[in-house]
Amino acid sequence: MSATDAPEKKQPGAGTAAEAGEAAAGPRQRSVRVVMAGLMVAMLLAMLDNMIVGTAMPTIVGELGGLDHLSWVVTAYTLATAASTPIWGKLGDLYGRKGVFLTSIVLFLAGSALSGASQSMDQLISFRALQGLGAGGLIVGVMAVIGELIPPRERGKYQGMIAGVMAIAMIGGPLVGGSITDNWGWRWSFYINLPIGVVALAMITIVLHLPKKRGQGRIDYWGAVLLTVAITALVLLTTWGGTQYAWGSVQIIGLLVLGLAALGAFLFAETRVAEPIMPLRIFRNVNFSLISVIGFLVGFTMFGAMTFLPLYQQTVQGASATNSGLLLLPMLLAMMAVSMVAGRVTTATGRYRIFPILGGALMTIGLYLLSTMDVHTGRFASGAFMAVLGAGMGFVMQITMLISQNSVEMKDMGVGSSSATLFRTIGGSFGVSLFGALFANKVADGMAGSGSAATSGGAQLDPATIAKFPPALKDAYFHAVASGTHVVFFWGAVISVLGFIAAWFLVETPLRGAVKTTSDDAQDETPILADAL
């Protein structure tokens with residue numbers, strides 16, 4: 001419509017407003033898609049990194065040495081990511097998301113470059129921690145920017161993109177990591193982040209224009225320190241418990257006491273400051289509290305499944321490390337398809353409460369089906385079981401973040417996003433640790449009568465070593481691993497039931513934002529995007 005066709009004075013009828021809204025919707029939607037592309041590249045950076053680096057670890061140890069510190073290459077990254085997540089979220093709320101988000105990308109890229117240039121294992125661990133600090137801001141930054149850019153009611157259109165990035169990272173990570181390490185050397189498993197990160201940096205800088213903020217409150221330094229201590233203690237407890245130290249050891253009990261004491265002091269401190277790192281008022285919202293619990297339980301079961309499924313596939317089903325990623329396709333494709341459908345339905349109807357309920361039910365069924373696998377289970381059957389689990393994950397994964405963000409005020413979008421991410425991360429740490437302990441004990445029990453010292457490491461054995469076992473010993477080990485995965489998935493199903501029950505208590509409050517808005521509404525509520533698109 002040309003400027004001469006429309007009267008300057010607004011008419012009370014809805015027709016003119018609707019036409020104006022439709023005229024503005026096309027360019028705005030294209031702008032949002034361009035921004036989303038940049039955000040997805042940034043998210044891919046954080047999610048792909050651990051997958052790629054994990055494949056390169058044997059080569060790294062071969063060159064740098066330090067086998068006894070190998071676990072710290074992953075632990076340092078995980079610790080820094082988890083501890084920094086709530087701090088990045090609050091900084092975005094106080095000082096504006098774009099600047100804070102760009103800072104996290106730069107920090108991640110600096111850590112990647114330094115990690116690639118490491119000359120010793122100690123240097124690599126230190127630079128991985130720096131990289132993890134940036135990764136914490138990447139993950140929460142993407143979610144918070146999406147939360148501010150796209151109203152919850154419209155966000156379902158883009159859920160397929162987010163699920164797609166997760167699938168690409170999980171499948172492509174081992175493939176890309178192995179290829180890079182074999183052809184270019186392990187240092188390029190870090191350097192590969194640089195060109196991808198520069199693309200994300202350029203896209204976000206040019207295209208995304210969010211309203212600038214001037215931080216009025218003071219940073220809650222005490223809260224940040226206490227929360228960091230609490231998270232660090234809990235992550236170390238779940239990382240070391242049952243592996244480096246016995247669960248009843250002084251070290252593990254000391255970490256538990258330190259974590260609980262720091263958490264208690266943090267909760268007290270948050271009631272005494274004007275701008276707390278994690279405002280306790282957000283937990284007064286029933287939906288936010290419930291979805292935080294559900295997110296913790298989803299992380300607990302999901303990360304446990306993702307850890308032990310490849311182990312079962314490689315050991316019992318004889319898949320290679322690379323192909324085991326491809327064998328996860330049924331789960332990941334189901335997750336992506338269901339997430340896309342759930343998002344579209346949420347956008348069209350505004351209804352979302354049913355999806356966490358369906359997700360909890362399907363995850364429970366999928367995990368129970370996986371618990372029935374034994375040494376005779378074929379790949380088709382295990383793929384079908386994984387598809388059921390993936391469908392459940394698709395109903396839950398993005399909806400939990402949607403409900404979290406819809407349950408807080410816009411000024412707390414960063415805190416809401418970081419809290420949801422943190423609970424899922426901590427849940428994953430506990431899940432992997434506790435399931436790992438159950439698995440190791442079951443495998444050890446299964447091999448107790450084998451009389452072979454070679455099996456004393458239980459699940460630590462690699463496929464090359466297993467291939468050299470006598471047939472009887474090999475068969476016993478396969479049965480022990482199948483028995484261990486049965487226990488893991490059975491208890492995963494039990495934990496998933498709790499999430500299913502919690503989902504029934506969610507209240508379906510209206511989602512912010514409408515599918516169709518007038519141009520005036522769009523100007524008032526939508527962050528500014530670059531005009532030159």
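Guide: pLDDT is the predictor's confidence in each residue, on a scale from 0 to 100. The term is needed here because this is a predicted model. In the protein, the mean confidence is lowest in helix α18 (residues 519-525), at 38, and highest in helix α13 (residues 354-371), at 95.

Visitor: What is the mean pLDDT of the protein, and how many of its residues, as a percentage, reach 70 or more?

Guide: The mean is 80, and 83% of the residues reach 70 or more. Residues 1-27 stay under 50, and the model has nine contacts for them beyond four places in sequence. The pLDDT is also below 50 over residues 514-533, a stretch with 38 contacts beyond near neighbours in sequence. Where pLDDT is low, the predicted coordinates should not be read in detail.

Visitor: Which secondary-structure elements does the protein have?

Guide: There are 18 helices and zero strands. Of the 533 residues, 51% are buried. Among contacts between residues at least 6 apart in sequence, 84% join residues at least 24 apart. The accessible surface comes to about 23,000 Å², and carbon and sulfur atoms account for 67% of that area.

Visitor: What makes the packing of α8 and α15 parallel, antiparallel, perpendicular or oblique?

Guide: Helix α8 (residues 221-240) and helix α15 (residues 413-446) pack at an angle of about 25°, and their axes are 8 Å apart. Angles under 35 degrees count as roughly parallel, and therefore α8 is roughly parallel to α15.

Visitor: Which residues of α8 and α15 meet, and how do they divide into nonpolar, polar and charged?

Guide: From α8, I231, L234, V235 and T238 meet L422, I426, S429, F430 and S433 of α15. The residues of this contact comprise six nonpolar, three polar and no charged.

Visitor: Which residues does M166 touch, not counting residues up to four places away in sequence?

Guide: M166 touches M47, M335, M397 and Q398.

Conventions: Residues are numbered from 1 along each chain as its sequence is written. This is a predicted model: local features need pLDDT of at least 70, side-chain atom pairs count only at pLDDT 80 or more; totals for chains, interfaces and linings use all residues. Side-chain values use heavy atoms; hydrogens and water are left out. Helices (H or I, at least four residues) and strands (E, at least two) are DSSP runs, numbered from the N terminus. Buried means under 20% relative accessible area, exposed over 50%, partly exposed in between (1.4 Å probe, protein chains only). Contact means heavy atoms within 4.5 Å. Accessible areas come from the Shrake-Rupley method with a 1.4 Å probe; for residues, only the protein chains shown count as cover. Axes are lines fitted to C-alpha atoms, for helices over the stretch in contact, and angles run from 0 to 180 degrees between N-to-C directions. Angles under 35 degrees count as roughly parallel, over 145 as roughly antiparallel, 65 to 115 as roughly perpendicular and the rest as oblique. Ala, Val, Leu, Ile, Met, Phe, Trp, Tyr, Cys and Pro count as nonpolar, Asp, Glu, Lys and Arg as charged, and the others, Gly among them, as polar.
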